[in-house]
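These are my notebook entries on what I looked up. The sequence and model come before the entries.

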Amino acid sequence: RENNFCAIIIFSVSLQDWRWFVPYGHNFGLTSAVLNFNRMSEALCVLSRVFGASCCDHFFDDYMDISPASCSILPSDSNRQHVNSSQWFLDELHTLIGMRLEPKKRKHSASVNVALGVEADLSEAASLKKVSLKPTSGRTDFILDSLRSAKIDNYLPPRMAATILGKLYFLLATGSYFGCGRAATQPLVARSSLLSSKNSSSKGSYPFTDAMVLMLEFFVALFRHLPPLVIHLGMVARKKVLVYSDASFAKRKDGKIRRKGLGIYVVDCENNREYRSSFACPVWLLNSMDTNAKTLIGPLELLAVLCAVLTFPEFLKDRQCVFFIDNTQALSACIHGYCRNTDMGRLCNLLHLSLAALRCQPFFNWVPSKANPADLPSREQGEEERAFFFKRKAQPRKMTVPPLDELSFPSMNYVMELAKGRGVKFD
């Protein structure tokens with residue numbers, strides 16, 4: 001009985017006693033069901049890899065198996081229910097614990113296959129050492145149609161929000177560019193968290209909010225231009241781009257802003273050229289943020305990262321780029337694609353949309369402030385700073401700051417037009 005991972009206790013009114021039941025499966029009415037499924041699936045994947053040499057992984061209770069053509073079907077599998085020996089081994093493990101996989105849901109191996117709404121193309125894995133992933137039109141249409149219907153009805157209950165969120169999570173994790181769109185899903189996260197609440201189920205209890213309208217507009221823009229995510233399996237032909245960013249912010253005793261600088265330092269390892277850019281954050285952009293906050297250093301640090309992408313788009317197009325940031329709040333927002341701070345959430349959306357439009361593969365790292373060359377252009381420059389730039393032969397460039405309408409209604413078109421202006425071509 002322990003192998004079934006679940007036990008239910010129900011009080012019988014007629015018998016006035018407690019009754020125990022052990023279901024052969026997981027009770028999806030329980031919050032713990034998801035955790036149990038993950039524990040079981042993760043353990044079985046590990047066993048399959050170690051003892052069956054299987055290249056498999058899972059997303060909750062769905063398994064993905066990648067096997068070469070040499071993994072032939074075992075002779076004992078007379079019914080030919082399995083495509084290869086790896087699938088057979090994974091199925092046998094489930095049978096041993098009494099959790100047999102559903103044969104009707106099994107898919108045949110192919111160089112191009114669809115898994116949970118994401119098309120995985122492995123046709124160039126051997127020849128060009130790359131794999132392409134992209135959402136299917138059916139999955140994106142379902143998400144957008146569901147949100148549009150909820151907007152028309154002005155009603156999005158927690159269960160529907162959780163359904164849309166679940167489909168979005170896998171799509172954004174595998175068919176999108178590294179955190180792109182995670183900040184936009186927060187209205188769905190908040191609504192789905194009300195599943196266990198005792199609020200009324202009437203339409204007035206769960207309206208389609210203004211934040212959800214902005215979320216819908218964001219995903220319409222994202223899915224319209226989202227390029228395939230390309231993952232390189234071997235050495236990348238082009239060398240990386242290093243981007244250092246920094247911001248400085250300080251107030252006087254009377255509350256007036258004394259310093260609000262942005263700094264960028266870029267190293268193109270392909271041609272060994274270095275570039276720098278500095279700018280004082282415009283007053284109109286500062287006024288759009290939470291001016292009552294004690295400090296705006298977090299949003300400004302994230303703004304500096306975004307400005308680096310908008311200022312040097314031609315260097316980031318189809319490249320691997322390492323971003324170095326000395327502020328942990330901005331670093332966390334870049335890595336996770338989300339921040340609870342409203343101002344930083346808007347910046348996150350445009351940042352990841354821009355990276356996706358450029359097909360840039362970003363890596364975000366922390367750097368100590370004293371080792372960050374972008375600290376120099378973010379502040380007032382003296383002889384020491386000018387001497388450093390002269391020695392490094394860092395070429396200056398005017399910084400591009402996003403307009404307010406792009407922060408409120410972010411799209412890929414903005415960075416694409418900037419890149420085209422610098423000679424970049426898009427497919």
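I looked up L316 and, leaving aside its neighbours within four places in sequence, found it in contact (heavy atoms within 4.5 Å) with V241, V309, C321, F323, L355, L358 and C360. This is a predicted model, in which local features need pLDDT of at least 70 and side-chain atom pairs count only at pLDDT 80 or more, while totals for chains, interfaces and linings use all residues. Residues are numbered from 1 along each chain as its sequence is written, and side-chain values use heavy atoms, with hydrogens and water left out.

I then turned to the nonpolar cores, each a set of buried (under 20% relative accessible area, 1.4 Å probe, protein chains only) Ala, Val, Leu, Ile, Met, Phe, Trp, Tyr and Cys residues joined through side-chain atoms within 4.5 Å. The largest has 81 residues, of which F219, L222 and L316 touch the most other members. Another core, of nine residues, lies apart from it and includes Y244, V267, V322 and F389.

Next I checked S132, which I placed in strand β7 (residues 130-135). Is S132 buried or exposed? I recorded S132 as buried, because its relative accessible area is 17%. Leaving aside its neighbours within four places in sequence, S132 is in contact with E119, A120, D121, L229 and V230.

Last, I noted that in α3 the residues R139, T140, F142, I143, S146 and L147 meet I164, K167, L168 and L171 in α4. The residues of this contact divide into six nonpolar (Ala, Val, Leu, Ile, Met, Phe, Trp, Tyr, Cys and Pro), two charged (Asp, Glu, Lys and Arg) and two polar (the others, Gly among them).

Terms used. Helix = DSSP H or I, 4+ residues; strand = E, 2+ residues; numbered from the N terminus. Buried < 20%, exposed > 50% of the residue type's maximum accessible area, 1.4 Å probe, protein only.
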